[in-house]
Amino acid sequence: MWLTRPFRERSTQLFLGVLLAALAIVTFLNLALPADNPLHVSTYTVTLLGKYLSYALLAVAVDLVWGYLGILSLGHGAFFALGGYAMGMYLMRQIGDRGTYGDPVLPDFMVFLDWDSLPWYWLGFDMPWFAFLMVMLAPGLLALVFGFLAFRSRVTGVYLSIITQAMTFALMLAFFRNEMGFGGNNGLTDFRELLNFDLRSDATRLGLFIATGIALALGYVICRAIVASKLGRVSVATRDAEARTRFLGYRVERFQLFVFVVSAMLAGVAGALYVPQVGIINPSEFSPIFSIEIVLWVALGGRGTLYGAVIGAILVNYAKTVFTGAMPDAWLFALGGLFVLVTVFLPKGIAGLLAYRFKRDRQASRSHDSPKEAAA
Amino acid sequence: MRMIRSFVPGLLLLCLLFGLVPVVQAQEDEAAGQALLEALAVSSYEAKSEAIESIITSGDERSRRWLEELLGGKLQRHKETGRFVIVLENRGRNWPVIDALSFEDAGEMSRRDLDRIGINNALRGQLQSALAVLDLYTDDVDDRRDAARELLGSVDAAMVEPLRELVGSEDDAEVRRLLEQGLAIHRLNEGDIDAIAELEGSLNSRVRAALNSATRSDNPLVADAASAALLDIEQKLRINSGLETLYFGLSLGSVLVLAAIGLAITFGVMGVINMAHGELIMLGAYTTWGMQQMLPGQPGLALVLAIPAGFVVSALAGIAIERGVIQFLKGRPLETLLATFGVSLILQQLVRTVISPLNRTVVSPEWMSGSLMINEGLSLTLNRLFVLGFALVVFACLMLVMRRTRLGLEVRAVTQNRAMARAMGIRATRVDIMTFALGSGVAGLAGVALSQLTNVGPNLGQNYIIDSFMVVVFGGVGNLWGTLVAGLSLGVINQVLEPWVGAVLAKIVVLVFIILFIQKRPRGLFPQKGRAAEG
Amino acid sequence: MIPTIPALSYRWLAASLLSLGVAAPALAQEDDPIKVGILHSLSGTMAISESTLKDTVEMLIEQQNEKGGLLGRQLEAVVVDPASDWPLFAEKARELLSQEEVDVIFGNWTSVSRKSVLPVVEELNGLLFYPVQYEGEESSENVFYTGAAPNQQAIPAVNYLMNNVGVERWVLAGTDYVYPRTTNKILEAYLRDEFGVAEEDIMVNYTPFGHSDWQNIVSEIKQFGSEGKKTAVVSTINGDANVPFYRELGNQGINAADIPVVAFSVGEQELSGIDTAPLVGHLAAWNYFMSVDTDANYDFIDAWIEHTGDEMSVTNDPMEAHYIGFNMWAEAVRKAGTTEVDEVKDAIIGVSVPNLSGGYAAMMPNHHITKPVLIGEIQDNGQFSIVWETPSTVAGDAWSDYLEGSRDLISDWRKPLECGNFNVVEGSCGGGQAEAAEAETD
Amino acid sequence: MSFLSSLADRDRVFDFLVPATSPVDVRHGPILYLDDVTVTFDGFRAIDNLNLTIDDGELRCIIGPNGAGKTTMMDIITGKTRPDTGSVWFGSRHNLLAMNEPDIASLGIGRKFQKPTVFEALSVFENLELAMAADKRILPTLTARMTGEIRDRIEEVLETIGLTELRHGPAGILSHGQKQWLEIGMLLMQRPRLLLVDEPVAGMTGQEMERTAELLTGLAGKGKQSVVVVEHDMGFVRSIARTVTVLHQGRVLAEGSMDQVASDPKVIEVYLGADPDEEVA
């Protein structure tokens, strides 16, 4: 079974081991230790870590298309945001009549902007299963339509990057419009509960953190399974020599579309997990700058290695947390410097550094790592 | 400071205007002046209005200056001594002043000790028409025309007679026509139906305003006639508004072309995706600001000098970027995107830290303010007209450089076959540097132009970078003509759409259009064909 | 395969956990400084406006410390940078309240950042002073609104234009976000209901943030204004979009005598980036202008210039709001004898402190304050000359009287009502706050 | 050639894996037929009324100076470039102009590029695996499993192209000649009816060249493959060619045996006295 293949890889086993252990340790330190213990992990920190993990899942999704398929998407923030909005709409509906104006159906922002009924695209979001489905379907559908058009006409390289940017930019402008019915610039906020769990309670926050960790683990395994399959090898072939792959009889555009859609759906899931943890979703998640930043996480961690994307996302965002607290003015210098240094001097990212350091080990393991094991 | 050219007739007119007997002997007397000004230092605007009238009718030679300074908010009163002064420079805490009675230097005063003689828009209107009447007697035809235009709609009963006389003695036909229209508006307001005939066909907005209010007249005959006249005017205006939209579109397009053309060189010719392009534009704009700081009081000269300076500053920054980053990323276009994005963040923050996070003031020189009047209903804003012209000149120069110079030849050679060009003795590295410097310098020029249209601040570049890329990609990478056509047509499309769907949707529609267009023609409007383009 | 990865990750994890844990709370003691959180963007798009507010609060803290602090304790500023990133605002607010355990927060500018922070402040029971004019329609137990509500800015400005200028035709132009939307909705209703202004005499227009091409819109305004009725533009255009807007106005020959523009978001600071010569005579409505002629204001300006070291630095309305808010909070702390949030919250209602325009500002039970409303005309030096002011101060109204849904709502945080949106018709406290109130009484 | 017989054996085994496309109909004539084909790039006629016919099982060499249109012609046949006018038929049933690259490839036209194009990040083994005739739709590719039979077949080709030792190394580290061989190996895995081979021996040693010549001549034959070779190396062309076509300025200048062609005065003029301007593509 292709999905179980990654579990037999040592790198995946290690990754999952570390991730699950981290989840367990944080949970333990949060629950079991009293608040004044120096090792106690506060709920604030747990939520912060949860946010990093959702970013990590997003980075994995980007790495899947950029690292393995060679498509530099500068619009993945759009899929992330769409997933987030789907979740946000569900959470808004959960507020029910506890909003400021006490309207049982309409969210507050609709009440004071004089909407008299819910627009059609808000229907169904009071049902969790529908909302969770849309978390995947909305970004998936956008990726399907966009990808179908783009790959069919063989828009590649820079052109593709630029039009993905145009896509997320257009969506940002659209979501900013108050007429769209997504709360305009203010977005969606003031969430109360998720599946009847109070979003303000510590237990829910811990639960969300764990759920995000598990989603990351699943997302990682799915991506790993795709990458390790023959389809993954076709992707890499497409990345390196698209025309050649075509001449071998592969319908490259369909492979690109498939991977692109999977990646968009993963990004949507990441967005959906992100929103309840930070408590707001607004159009700035669509901003092209954010999408470029995601690419940096991947580049820093190491393009084409999924664990690298995870490391990159967590590292950059941790640095952001520290810098914006300690020396706010330096943050953009640090981020900008990172972009330059990583691309110029560290093209393979942190994962590349690790790989270089342990090249010998890997070569040694490769020689007795027969293709039967790898491909079975 | 303008001289008072024809003082006595103006005074006469004004006296008639307010129905007062003129004080014949010109008083130079300190006390009388102080008394006149003292009357202004009251809080009620009605009282101020009366005080202004008495200044006008006083016949004091200084009254014109007083009125102008009052209009400019520079006439102030020292709180303790009650002395009136004119503030020369009102920024900072201590202001240099001159005495309002003798116009002699009075040193510096703290703004804390000064009371401004405040005016409101009603008084401002009163002062402006008073000054306009004075201007009707100047020798300068343009000033007289402006004055006559200013009086449209503000002619009142007292002014009718003197203005009629003036029409008789005026040489300039345009001034006559305007004065007659002014009188006609007055008559129309009085309910005179014949006045409408005189106003027919005028595109002036004040004439239209007068006709519009006439359509609400109690007299149905007047109302109908006014509606008919308006209908005729509206028809003429429709052509105007079409032309206006085209101008708006070309103007927006020229901004896009300017912002994108440097990118067309670095991106199209060198294959470098320079995300710091916007910041190079920003540097050009800041150079303009710096020039104006260095040459205070001469914004025009500073702007002209900023053109070469902006080019050089951005070109140098470009060279630094090329040497520092891009040369290590040959043949990896997507990675130049990431690295230069980092550079753009650094440059932005640098400007914030070194200069200020706040926007800077860039002054428009006199000759770039206002608009060029094509007819009464259509005028082209001068700053945008200049930018449009500037964009075309820059484009033409670039075409010349690429087509007719050694550099252009070498650039094209290196673009087409790097190895071969090297073998023929072209120093490819040098060509890279020069090309990048050229593209960056052009970005600097764009910045100089944009400083006349929008904010000069750290975010300036970000607002243009995405649009620039869209233009280049839409036009076809590596084709300067494509960039020109793409920029101008996107500008026109945007402006044509805007009145229909609003600014935001227009922009979204344009973006979606570009996305779909790229699907149809993946290599833009004017693609490079053949094997070279595949690489 | 790559054996060191786990070790590395563990090490990283441990390091990160440690560094996050270092900030672990120490319990407040009597001689510890009182911590004042400052939550203003220092980078990103809003840094332009917000960074000066950070400096203002720092200056106020310095001044307070020179006077011997508060309750015998020194004040300490805790500055964080939410980087104009709205989710980051919530995160940083949480950091300030739960990690740094600040006693009060001064912060936010945009509505969206306030909306983002609001649930956090309520959850962790903090105090937030919000210094910017805003759209109203909100009243939180934990937030004090020291900026203007629509009835303290927009409505008086329209009254002025109506009564003193004789405006009959209105252009409501704004940036497309919640503040202009709500304000314009209130104004539309107000103009219609109070003055009987016809539908066709109101033009509403929204543009995106940072809109830079105003040719069409200004041309439309010009067209709209040539109908023979006195026309004015009520502008809620935000920030960066103003410069190109005013430039286009000037160049298309619209001057203040023809079509005055009254702006609610353009203050001294915005004008400092504009060549104001063509704008002379256009209007702005605020509760404070730098040109206010009082000693308190001159002292404030002098202190500010000293603090920034820049002779040319300007003061503006939100800075005054922080000045008022800070003094109110200090007064309430003194009154309560503690920085305990619940007690300060109760003590602050009714507190009255001098404002900079020669009067007093009082904290109302709805957590809004009383303010004078001033109308100023732009001068060529980037300052405003005050042409009109309300005869007395106006109390801020959390819920607009001109909006359908909020007409019947009032806010009163005193006992026994303790409700932010009490419906006077139904006689009940609305929405989620009823639940919260119940939970508290349990 | 032992691998050829094994290839014939394997035919039956793998039939079920081949996508259901109708077989090439060569009963009524040639396997490839180009008629009046013209392509222009920015006004430059890269192919100018080209007519070319390749018979089933034929081994044809195409020569010509730089810019004669050889590579463009291959691009047209494989669907990469669309001609302005003309028609291209594969057998008498398939109009190649109506198809895209993967369809054409699945139909049985394999192509080796002028610059050896292998997937450098993948191992030699994986390169061959991807080239193998199989169900190349998405889901079958995603769930594809490595079977013993597939492995045997890959091992066989590995042996034929002499890369057995390097099979798990990344293709990127191969020498130029080895990459050429790998690419030929990938063609073999594809089991095409028509092979288009662009400069197969560039960068090869004399010995390698000999083996390549053997391989190519062995492939061609009635009912087996047809092979079209574009080559600059005259010695190599002479060693394999039965029929040679000379292209010049996008047109057929001469056609016939090597000796006939070599003595054709037009050909001599083109090769010795060509105007340098026209050589630039």
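This is a predicted model: local features need pLDDT of at least 70, side-chain atom pairs count only at pLDDT 80 or more; totals for chains, interfaces and linings use all residues.
Among the contacts in chain A with a separation of 6 or more, 77% are accounted for by residues 24 or more positions apart.

Staying with chain A for a moment, let me turn to the nonpolar core. The largest nonpolar core has 447 residues, and the members that touch the most other members are Ala56(A), Ala59(A), Val60(A), Ala86(A) and Val295(A). Helix H10 of chain A, residues 252-278, gives the most to this core, with 19 residues. As for the surroundings of Ala59(A), once residues up to four places away in sequence are left out, this alanine touches Ile294(A), Trp297(A), Val298(A), Gly301(A), Ala309(A), Val310(A), Gly312(A) and Ala313(A). There is also a second, separate core of 57 residues, which includes Leu70(B), Ile117(B), Ala184(B) and Ala225(B).

Now to chain C, which contains 13 helices and 19 strands. Its radius of gyration is 23 Å, close to the 22 Å that the globule rule gives for 442 residues, and so chain C, too, is as compact as a globular protein of its length. The C-alpha atoms of chain C fill a box of roughly 75 × 60 × 55 Å along the principal axes, and buried residues make up 62% of the 442 residues. For chain C, residues 24 or more positions apart account for 67% of the contacts with a separation of 6 or more.

The domain assignment divides chain C into domain 1, covering 26-147 + 293-370, domain 2, covering 154-263, and domain 3, covering 409-441. The C-alpha centres of domain 1 and domain 2 of chain C lie 32 Å apart, and the contact between these two domains takes 7 residues from domain 1 and 6 residues from domain 2. On the domain 1 side of that contact, the residues divide into 2 nonpolar, 3 polar and 2 charged.

That leaves the contacts between chains. Where chain A meets chain C, the contact takes 53 residues from chain A and 47 residues from chain C. Several helices of chain A each supply at least two residues to this side, including H2 (43-68), H6 (157-176) and H12 (306-326), while the largest share, 6 residues, comes from H1(A). By class, the chain A side has 23 nonpolar, 20 polar and 10 charged residues.

Where chain B meets chain C, the contact takes 51 residues from chain B and 48 residues from chain C. The elements of chain B that give two or more residues to this side include helix H11 (220-269), strand E7 (378-381) and helix H20 (480-501), and H10(B) gives the most, with 6 residues. Here the residues on the chain B side divide into 13 nonpolar, 28 polar and 10 charged.

Key: Residues are numbered from 1 along each chain as its sequence is written. Chains are lettered from A and ligands numbered from 1 in the order in which they are written. Helices (H or I, at least four residues) and strands (E, at least two) are DSSP runs, numbered from the N terminus. The radius of gyration is taken over C-alpha atoms; the globule rule is 2.2 Å times the number of residues to the power 0.38. A residue is buried if 20 or more other C-beta atoms lie within 10 Å of its own, exposed if 12 or fewer, and partly exposed in between; C-beta atoms are placed from the backbone. Ala, Val, Leu, Ile, Met, Phe, Trp, Tyr, Cys and Pro count as nonpolar, Asp, Glu, Lys and Arg as charged, and the others, Gly among them, as polar. A nonpolar core is a set of buried Ala, Val, Leu, Ile, Met, Phe, Trp, Tyr and Cys residues joined through C-beta atoms within 7 Å. Domain bounds come from an automatic or database domain assignment.
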